[in-house]
Amino acid sequence: PDQVEIARLEKQCATYEPPTLADGQTLQFSDMPLSRRTLGALKVAKYTEATEIQQKAIPLALKRRDILGAAKTGSGKTLGFLVPTLEMLYRARWTRVDGLGALIISPTRELAIQIFDVLRRIGGHHEFSAGLIIGGKEFEEEKQALYAMNILICTPGRLLQHMDQSPEFEYGNLKVLVLDEADRILDMGFKNTVNAILQNLPKDRLTWLFSATQTKSVGDLARLSLQDPEYVAVHEDA
Ligand code: ADP
Ligand code: MG
């Protein structure tokens, strides 16, 4: 990692306030304090303007705030958490030997694979390793992937199974936890599973919880998992 760039980003992110935009104006990723590696890959992937949820969530995440984000399907929540995930690990000078730095929990295999594909596209200029723990493979084979990975994208049941049955699985250094589609995770009956996962994880971490809807059970999960969160919502009529 580039020490000079990291020092600059730390300074910029600490005080960054997104500009107030006039109607029809949008914030570009290149206006945000992001690393050259992330910006370069976003550009190749043709992501230039941030969506509304990205404009609101990314600056707060870069400031190391916990986030409770609500925005409907299709609003761009994936980059809203993947961009800051990459930035957090980069700014922490994370390398392969540092182990698991970020854990992303998704309700289904299909959604986990979609997140992984986006991560591959926008994370390709970084040197982090990433893997999927979704139960599609043999347990033993999946287990091999656990040691090496800096970023894991998981379904709740399979993740807890590895926490319980793979003693080599180390997550004590974890810096970032993402709960994506939290409403669906709960609708699918994973409340106890997620609570057990939370019990296992270090408290000294960032947590970003995203949901399409804000239900009472999402609120309960937010209280269990987030510390002094910022609320970010994008409304239907936006
Ligand atoms: P959500 O998770 O909120 O349902 P996604 O993250 O899956 O939404 O994004 C929905 C679609 O919008 C995807 O096809 C994605 O590629 C596209 N998208 C996301 N962010 C941007 C952006 N900043 N610019 C252009 N397209 C984007
Ligand atoms: Mg999504």
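**Around ligand 1**

Guide: The shell around ligand 1 splits into 4 nonpolar, 7 polar and 2 charged residues. Here Ala, Val, Leu, Ile, Met, Phe, Trp, Tyr, Cys and Pro count as nonpolar, Asp, Glu, Lys and Arg as charged, and the others, Gly among them, as polar. A quick caveat: this is a predicted model, where local features need pLDDT of at least 70, side-chain atom pairs count only at pLDDT 80 or more, and totals for chains, interfaces and linings use all residues. Residues are numbered from 1 along each chain as its sequence is written, while chains are lettered from A and ligands numbered from 1 in the order in which they are written.

Back to the ligand: 13 residues surround it (a residue is near if its C-beta atom, placed from the backbone, lies within 6 Å). The closest are Thr73, Ser75, Gly76, Lys77 and Thr78. Helix α4, residues 77-91, is the top contributor to this shell, with 3 residues. Helices (H or I, at least four residues) and strands (E, at least two) are DSSP runs numbered from the N terminus.

Now for the sheet. It's an open one of 7 strands, ordered β3-β4-β2-β5-β6-β1-β7 and paired in parallel; pairing takes at least two DSSP bridges. β3 (130-133) and β7 (230-233) sit at the edges with a single partner strand each, so one side of each has no neighbour in the sheet. Strand β1, residues 67-70, runs parallel to β7 and is joined to it by 4 bridges. Within that pair, Gly69 stands opposite Val232 in β7.
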